[in-house]
Amino acid sequence: MPLFPRVAQAYDRRMHDRLRIVALDRLQTGESANPAPERILAGIPRTRVSNQYTDPTQQFFCGMWTSTSGKWRIRYTEHEFCVITEGRVRIESTSGDKYEFRAGDAFVVPAGFEGTWEVVEPCKKWYSIFEAHASSAGLETDP
């Protein structure tokens, strides 16, 4: 039981009153988020990201991502859920596993995944990302 139950209840009500559904806008253009030049393997991919929601802990994000054709190396530190709404992509792991996704496909890229991401046809995707802070993931951090 909280030391000051009425204060805790009032705080819970205020936080609850602030909770709102966030409608995502597929037409937002976002900002440039091109792969680092040293990661690019083919083409000149031009990517944009429109992050439309971030939770208060800064661990969960979602929005729209777009890219022109190209291929680059990837290394995920986060878990990402993707839904391709336009275009086609190929993803290959460093161990050689190959995946291809197109409009209507949904998939998850787990944290720790390494390989390549290739946009075969200009692509648009919804994304949801979870990246645990070291302290909440049970990992020790350097002081």
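Q: Two strands pair if DSSP finds at least two bridges between them. What makes β2 and β5 a pair in this predicted model?

A: Strand β2 (residues 40-43) is joined to β5 by 3 bridges. The cut-off is at least two, so β2 and β5 count as paired. The two strands run antiparallel, and the bridge partner of A42 in β5 is K71.

Q: How do you know that β5 also pairs with β9?

A: There are 6 bridges between β5 and β9, and at least two are required, so this is a pair as well. β5 and β9 run antiparallel, with W72 opposite W117 of β9.

Q: Which residues of β5 lie on its covered face, and which on its uncovered one?

A: G70, W72 and I74 make up the covered face. K71, R73 and R75 make up the uncovered one.

Q: Why is the pair of W65 and W117 called edge-to-face?

A: The count of aromatic pairs comes to 6. For W65 and W117 the ring centres are 5.7 Å apart and the planes stand at 80°. The distance is within 6.5 Å and the angle is over 60 degrees, so the pair is edge-to-face. W65 belongs to strand β4 (residues 60-67) and W117 to strand β9, 52 residues apart, and the pair thus links distant parts of the chain. Both residues are buried.

Q: What makes the pair of F107 and W117 tilted?

A: Its centre-to-centre distance is 6.2 Å, with 40° between the planes. F107 lies in strand β8 (residues 106-109) and W117 in strand β9, so parts 10 residues apart in sequence are tied together.

Q: Which residues form the aromatic cluster?

A: One cluster is formed by W65, W72, Y99, F101, F107 and W117.

Q: How do you know that the charge of K125 is within the distance cut-off for the ring of W65?

A: The charged end of K125 is 4.6 Å from the ring centre of W65. The limit is 6 Å, so the distance qualifies. K125 is listed as sitting over that ring.

Q: What makes up the lining of the largest pocket?

A: The lining holds 10 nonpolar, 4 polar and 7 charged residues. Of its 21 residues, W65, Y76, E78, E80 and I129 lie nearest the centre. β3 (47-54), β5 (70-75) and β9 (114-130) each supply at least two lining residues. The pocket volume is about 570 Å³.

Technical notes. Residues numbered from 1 in each chain as written. Predicted model: local features only at pLDDT ≥ 70, side-chain atom pairs only at ≥ 80, totals over all residues. Heavy atoms only, no water. 1 Å grid on protein atoms, 1.4 Å probe; cavity = no way out; pocket = protein on both sides within 12 Å on 5 of 7 lines; lining within 4 Å. Points joined across faces, edges and corners; volume = space filled by probe spheres on them. Helix = DSSP H or I, 4+ residues; strand = E, 2+ residues; numbered from the N terminus. Nonpolar A, V, L, I, M, F, W, Y, C, P; charged D, E, K, R; others polar. Buried < 20%, exposed > 50% of the residue type's maximum accessible area, 1.4 Å probe, protein only. Phe/Tyr/Trp six-rings, centres within 6.5 Å; stacked < 30°, edge-to-face > 60°. Lys NZ or Arg CZ within 6 Å of the ring centre and 35° of its normal.
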